[in-house]
Amino acid sequence: MNEIISAITSRRATKKFDPSHIIPEAELSAILEAARHAPTAFNIQNVRFLVVQDREQRRLIREAAWDQPQIDDCSALIVMCADLKAWEKDPARYWRDAPTAVQDQYVHMIQQYYAGHEQVQRDEGFRSCGLAAYALMMTAHAHGLHTCPMDGFDFERVQEIINLPADHELVMFVALGKQLSAPSPRGGFLPLDEVVKRDFFS
């Protein structure tokens, strides 16, 4: 338990990565395998991890991201995307290991919840990607790696670069790699009673 708490409280956004560090493919796959177990509503698994390692792709994305060096220097750039229509793409497959009655029940619930509710589909995609991104960062930490969650980029331009499907939404980046130097001191936290309320807002 202490290990998990320590990982959460000590995590920092790494801005300076060791550009020479290479994450072995098996290790990267293991990190992604763990991260994809982050929860999604109705188990629709609507998160898509786009792994960008091609140097030309990285260069183009860096141009669209205020020239931030961590895009080039990290070992792997993960572009977190949401498949907004995952709910309608053969939803029975999300419950294929469940009894038929349970599978039928969930397929009906999925249709009822998402059909015709585009804002719900988008909100759900963003929630799922947020959970998966944090799972990715914590898993990377367990592998002795460092991460940087990012949203400072031209979303429309990056969508063009990565050829994002029309029914997907670009959510954020997570850069992974080896930290080259320690981050600057923390900015500080608000008092707990300012961010935690009980039962209702006063």
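Q: Which residue has a side chain joined to that of aspartate 83 by a polar contact of 3.3 Å?
A: The structure is a predicted model, in which local features need pLDDT of at least 70 and side-chain atom pairs count only at pLDDT 80 or more, while totals for chains, interfaces and linings use all residues. Side-chain values use heavy atoms, with hydrogens and water left out, and residues are numbered from 1 along each chain as its sequence is written. A polar contact is a pair of N or O atoms within 3.5 Å; within protein, one must be able to donate a hydrogen and the other to accept it, and residues adjacent in sequence count only if both atoms are side-chain atoms. For aspartate 83, the side chain at the other end of the 3.3 Å contact is that of arginine 48.

Q: Is aspartate 83 buried or exposed?
A: Aspartate 83 belongs to strand β2, residues 76–83, where strands (E, at least two residues) and helices (H or I, at least four) are DSSP runs numbered from the N terminus. A residue is called buried under 20% relative accessible area, exposed over 50% and partly exposed in between, with a 1.4 Å probe and protein chains only. Because its relative accessibility is 3%, aspartate 83 counts as buried.

Q: Which residues does aspartate 83 touch, not counting residues up to four places away in sequence?
A: Contact here means heavy atoms within 4.5 Å. With residues up to four places away in sequence left out, aspartate 83 touches Asn46, Arg48, Lys89, Asp167 and His168.

Q: How does the lining of the largest cavity divide into nonpolar, polar and charged residues?
A: A cavity is a set of points on a 1 Å grid, over the protein atoms alone, where a 1.4 Å probe fits but cannot get out, and its lining residues have an atom within 4 Å of a point. The lining of the largest cavity consists of Ile44, Asn46, Asp83, Leu84, Ala86, Trp87, Tyr114, Gln121 and Glu124. Ala, Val, Leu, Ile, Met, Phe, Trp, Tyr, Cys and Pro count as nonpolar, Asp, Glu, Lys and Arg as charged, and the others, Gly among them, as polar. On that basis, the lining residues come to five nonpolar, two polar and two charged.

Q: Which residue has a side chain in polar contact with that of asparagine 46?
A: Asparagine 46, also in the cavity lining, lies in the loop between α2 and β1 and counts as buried because its relative accessibility is 2%. Leaving aside neighbours within four places in sequence, asparagine 46 is in contact with several residues, including Cys81, Asp83 and Glu124. At 2.8 Å, the side chain of asparagine 46 makes a polar contact with the side chain of serine 128.

Q: How many disulfides does the structure hold?
A: A disulfide is a pair of cysteine sulfur atoms within 2.5 Å. The sulfur of cysteine 81 has its closest cysteine sulfur in cysteine 129, but the two are 6.9 Å apart, so they are too far away for a bond. Cysteine 81 is buried at 3% relative accessible area, and cysteine 129 is buried at 0%. The number of disulfides in the structure is zero.

Q: What is the phi of asparagine 163?
A: Most residues other than glycine have a negative phi. Asparagine 163 lies in the loop between α7 (155–162) and β4 (168–177), and counts as exposed because its relative accessible area is 65%. Its phi is positive, although the residue is not a glycine, with a value near 60°.

Q: What distance separates the C-alpha atoms of leucine 170 and glutamate 156?
A: Leucine 170 is found in strand β4 and, because its relative accessibility is 1%, counts as buried. Beyond its neighbours within four places in sequence, leucine 170 is in contact with residues including Val79, Cys81, Phe126 and Val158. Leucine 170 and glutamate 156 are 14 residues apart along the chain, and their C-alpha atoms are separated by 8.9 Å.

Note on methods. 1 Å grid on protein atoms, 1.4 Å probe; cavity = no way out; pocket = protein on both sides within 12 Å on 5 of 7 lines; lining within 4 Å.
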